[in-house]
Amino acid sequence: MKLLSSYLKEMKIAARGFYFYIEIAMAVILLAILLFAVSETSTGGGKQFVYYDMPQKIAEYLRDRSIDRGEARLADPTHFKLNPAEFEITNEETGETTAYRFNDGKTVVLETVEMIDTSTGELEETVYEVETEEDLLRLSYAEREIGVTIVMDPRGKVSNKYYLQGYETDRLKNLFYILQNESREAVNAKKDRQVVRTLEVTETLNNRQNLVPIFIAYMGSLMGFFIVMAYIFYDKAEGVIRAFAVTPSSIWKYLTSKILVILTTVVVSSSIITIPVMGGQPNYLLFYVFLVVTTFALASLGLLVASFFENISKAFGVMYGIMISLMIPGFSYYLPSFDPLWIRFFPSYPLLQGFKEIMLNGDAGYVLIYSLVFLAGGLALFLLADVRFKKTLTV
Amino acid sequence: MLKKLFIVFKKDSLIARRDAMVTYIMVIPLVLALGITLFAPGLNDTSVKLAMLRSDDVEHIEYMEQFARVELFDTLDDLENRVQKRDDTAAIVPSGRSYEIILQGNELETMEDYVVLLNTFYELGATKEETTAQLLTFGRTVPPLKTMLVNVLILMTIMLAGMLIAISIVEEKAENTINAINVTPISQTEFVVGKSLFGGTVAMIGIIGALLITGYLGINWFMIILVGVTSMILSLVVGFLQGLSSEDIMEAAGSVKLMFLPIAGSIAVYEFVSDNWQWTMYWSPFYWAYKANTAILSMTADWGTVLFSTAMVFGLSFAVYLISLPKIRKGLS
């Protein structure tokens, strides 16, 4: 009963301040960004500059053939500004280096061809056709994109010269070496005969849905860590915590009421983002269970950290350090091939993967196991925080 | 005037040293820079991961190792278990007289294409030795992902300075020391500039240290400092505004959270949105700062572009300052 009255009192105070409304406004802004600024399909950000070192008619024939096959489409010509530049180019095999210096600046207008995936119709890459090899070098250098000169010898044999930046891995360079060894027809015929077996029938999230776990985890659960600390320091400054020493209410009830306010805010703001974007796809029971236990665990961590410091300025280093380190698994989420063992030990790794599984309506076992882990960890942190606050009351 | 500015600067340095604020603003970027230096190589090497059977043809395994990170397994069960793990790993196993590609089913499409292409080339007998391709490089060693992370770090440090000013003002308000400014010979402008000077100087030292740690020694330092100082103006103005308009630490925390939006939006639009939609962030000074920093860190910046971006940052920041000046004055009164 005391807990309920503490919670209701805290909610009344929160509703009087701006913070609660900032949270709601933030969720609405993020929802608007997801719905109106992020497309469901990938935007195909790859760029390539190409110079055809062959008669114009053959170059046009090659382009038209790709368009006829449905592999490419013409887009509006693109303007590029070329600035004076100075650089060196090294031949990877011979080690020979050539220096280039361009003193003039100019603007070039390039034919733009969008390469598309024939099966899905999605944009794969944008190719800009350059009129001279010099411009190709300058553009590839300035835009930090791959440049290719496609050379046709008098006997009609085609070979490629790739201009790379230099930081590409050896494995990628090896691929460039073999890409043009066989005829396109032979490659396509052999490719079509490859046998691919998938072990599971799994759904994938589209470009827009893929952002929801990030927003929920970072703007919801992780922010609970930061906000609960702000609440505690506010009360410390106001002397509220000290006042608990002379009231019949216990410290744990006070701490729980703070967490409940955070939970209410996070549940409301996360629902605003999730429901309109994901519709009926996720398992909402699991979603709310996971959201509540992860927010509880991270808010408990915030309470424990706050118990060691007098004010937010003094706690800032630890708080900022923890928040930044909890963001690191975001790299693994976005680059699935970057998944070293050490990154899995950050609590935000299962946090992100758990929300992803929920959005996919996938591995419920994984979500439940980590719900228990977060619950157990959260309870342990909460108990420690309670002991700390009881012992110190202020610091 | 300068003497008074120096007094505020010195006072803030002393208070901050007591609260370890200087340490935070300076040390946090340095620690993050160390982290970027350690993680960037791993992030750049996003080579496809392949699982293969140890009993497979040695020549086949060696061929694949040229293009992918290969992990070997004794049994098909072990291999399939590996494929089913959370990261993206594909497998190629012998199947009759040919090979079979095994996927979990949720991998990126580009990865499936890559593995299919690799096996196609192997079956066609394509080798590096008989290539007609030539590779030429510009000799760059810093991957774009590292540049992006360092650029984000610069903006975060600039924002950190603003955040700390906001927090210190809220605390001064709580302790009623801010009103005392009005009965000292220091004017409100001198107080604002003095406090900003301190936050700005410390943050710039943090940024320079972070750039040295991450190895950006050859960049144009005049350009980076110019962009850093101008974008700092905005962060400091916003910090003051947040600090003065927030009644308590909770409101300041909420405002800080809101500040993430234009920063994250500017980075996301610059990096991931097509050229046709870049204009949507032209209103954000962080967009121009990020754009200029990218060119400077990539060593492709020219003075025209940098000065234009700096002018945009300065103009937009000054506009924010002018709009918020009455509020700052009111807050200090």
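Strand 9 (residues 195–198) of chain A runs parallel to strand 4 (residues 98–103) of chain B, and 4 bridges join them. Two strands are said to pair if DSSP finds at least two bridges between them. Helices (H or I, at least four residues) and strands (E, at least two) are DSSP runs, numbered from the N terminus. Please note that this is a predicted model, in which local features need pLDDT of at least 70 and side-chain atom pairs count only at pLDDT 80 or more, while totals for chains, interfaces and linings use all residues. Residues are numbered from 1 along each chain as its sequence is written, and chains are lettered from A and ligands numbered from 1 in the order in which they are written.

Which residue is the bridge partner of A:Thr198 in strand 4 of chain B? The partner is B:Leu103.

These strands belong to an open sheet of 5 strands with mixed pairing, in the order 9(A)-4(B)-3(B)-1(B)-2(B). At the edges stand strand 9 of chain A and strand 2 (69–73) of chain B, each of which pairs on one side only. On average, neighbouring strands of this sheet are turned by 30 degrees against each other, direction ignored. Within the sheet, strand 3 (residues 89–95) of chain B pairs with strand 4 of chain B in the antiparallel sense, over 5 bridges. There, B:Ser95 stands opposite B:Ser98 of strand 4.

Two helices of chain B pack on the sheet. Helix 4 (residues 76–83) touches strand 1 (49–53), strand 2, strand 3 and strand 4 of chain B, and its direction makes about 155 degrees with that of strand 3. Helix 5 (residues 109–124) of chain B touches strand 9 of chain A as well as strand 3 and strand 4 of chain B; its direction makes about 170 degrees with that of strand 4 of chain B. Axes here are lines fitted to C-alpha atoms, for helices over the stretch in contact, and angles run from 0 to 180 degrees between N-to-C directions. Two residues are in contact if their C-beta atoms, placed from the backbone, lie within 7 Å.

Let us turn to the contact between the chains as a whole. Chain A and chain B each give 77 residues to the contact. On the side of chain A that touches chain B, 41 residues are nonpolar, 23 polar and 13 charged. Here Ala, Val, Leu, Ile, Met, Phe, Trp, Tyr, Cys and Pro count as nonpolar, Asp, Glu, Lys and Arg as charged, and the others, Gly among them, as polar.

Next, a pair of helices in chain A. Helix 9 (residues 251–278) and helix 14 (residues 364–392) of chain A have axes that come within 9 Å and cross at roughly 125 degrees. The two helices are therefore oblique to each other. A:Ile251, A:Trp252 and A:Leu255 of helix 9 meet residues of helix 14 including A:Phe382 and A:Phe389.

Finally, A:Asn361 lies in the loop between helix 13 (348–360) and helix 14 of chain A. Phi of A:Asn361 is near 55 degrees, a positive value in a residue other than glycine.

Definitions and conventions
Parallel < 35°, antiparallel > 145°, perpendicular 65-115°, else oblique.
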